[in-house]
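Thank you all for coming.

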Amino acid sequence: MAKNEVNQAALDEIASYYAKIVGLLGEDVGREGLLKTPRRAAKFMQFMTQGYSQDPEAVLASAMFREEDYKQMVIVKDIDFYSLCEHHLLPFFGKVHVAYIPRKYITGLSKIPRIVDIFAHRLQIQERLTLQIKDCIQKTLDPLGVMVVIEAQHMCMQMRGVEKQNSLTTTSDFTGFFQQAKTREEFMNLIK
């Protein structure tokens with residue numbers, strides 16, 4: 001399923017489940033304000049999980065360029081993302097910062113945010129999201145190194161459970177040249 005394409009049969013079935021859930025919560029699904037809610041919720045879930053039907057490696061590979069002999073850090077920072085926590089189906093959101101050091105290939109800069117979106121539009125945990133972005137870039141571009149840092153707020157911590165509204169979770173992972181403390185430090189200084 002391409003981005004924004006709707007699987008009608010799945011949409012209808014998901015909407016029927018949402019109607020049952022709303023009813024089980026004690027609401028009248030036939031009430032005016034709730035008539036379209038099951039369908040809206042189903043469309044939202046299809047949108048937030050569309051990453052399952054997209055190939056991030058193919059997206060990244062679609063704009064690989066060999067012409068440049070650039071061997072310094074390429075950074076795309078402050079990439080906004082929204083995802084759903086697989087434990088509670090509540091949103092988590094924040095910023096992704098990505099750096100890579102080209103070996104042979106560079107990629108179109110818009111492809112980095114696109115692969116972030118593809119992985120974010122799956123049921124996720126922040127730690128896995130960090131690894132998936134890093135692994136995709138490493139496997140597809142084969143750079144000298146990749147580093148990914150994600151800073152996110154989690155509604156499952158802010159709305160329920162410990163209810164800590166100002167908490168921020170940071171994850172990072174890296175390969176290659178970023179294993180050197182000096183290179184990691186340069187990246188961290190550049191994203192602040």
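Predicted model: local features only at pLDDT ≥ 70, side-chain atom pairs only at ≥ 80, totals over all residues.

Residues are numbered from 1 along each chain as its sequence is written, and side-chain values use heavy atoms, with hydrogens and water left out.

Let me start with the whole chain. It has seven helices and seven strands, where helices (H or I, at least four residues) and strands (E, at least two) are DSSP runs numbered from the N terminus. Read from the N terminus on, the elements run α-α-α-β-β-β-β-α-β-α-β-α-β-α. The C-alpha atoms fill a box of roughly 65 × 35 × 20 Å, taken along the principal axes. Of the 192 residues, 41% count as buried, and here buried means under 20% relative accessible area, exposed means over 50%, and partly exposed is in between, with a 1.4 Å probe and protein chains only. If we take the contacts with a separation of 6 or more, 71% of them are between residues 24 or more positions apart, a contact being heavy atoms within 4.5 Å.

Now to the sheet. In what order do the strands of the open sheet lie? Five strands form it, in the order β5-β2-β3-β6-β7, and the pairing is mixed; two strands pair if DSSP finds at least two bridges between them. The edges are β5, residues 123–124, and β7, residues 169–174, each of which pairs on one side only. Strand β2, residues 74–85, runs parallel to β5 and is joined to it by two bridges, with C85 standing opposite Q124 in β5. Towards β3 the picture is antiparallel, with nine bridges joining β2 to β3 and S83 standing opposite F92. These two strands form a hairpin with five residues between them, and L89 in the turn has a positive phi of about 60°.

Turning to the helices, α4, residues 111–120, lies across β2, β3 and β5, and runs at about 15° to β2. Helix α5, residues 126–141, lies across β2, β3, β5, β6 and β7, and runs at about 155° to β6. For these angles, axes are lines fitted to C-alpha atoms, for helices over the stretch in contact, and the angles run from 0 to 180 degrees between N-to-C directions. Helix α4 is mostly covered, since seven of its 10 residues are buried, among them I112, I115, V116 and F119.

Helix α7, residues 181–191, has T183, F187 and I191 as its buried residues. Seen down the axis of α7, these fall within an arc of 65°, so they line one face of the helix; the arc is that of the directions from the helix axis to the C-beta atoms. The face turned away from that buried side carries the exposed residues K182, E185 and N189, whereas what covers the buried residues includes β2, β3 and β6.

Which residues have the most contacts inside the largest nonpolar core? They are F81, V96, I133 and I137, in a core of 30 residues, where a nonpolar core is a set of buried Ala, Val, Leu, Ile, Met, Phe, Trp, Tyr and Cys residues joined through side-chain atoms within 4.5 Å. The elements α3, β2, β3, α4, α5, β6 and α6 each supply at least two residues of this core, and α4 gives the most, with six. A second, separate core of nine residues includes M73, A99, I101 and I191. As background, nonpolar side chains tend to be buried together in soluble globular proteins.

D78 is partly exposed, with a relative accessible area of 38%. The phi of D142 is near 50°, again a positive value in a residue other than glycine, and D142 is in the loop between α5 and β6. With 37% relative accessibility, D142 counts as partly exposed.
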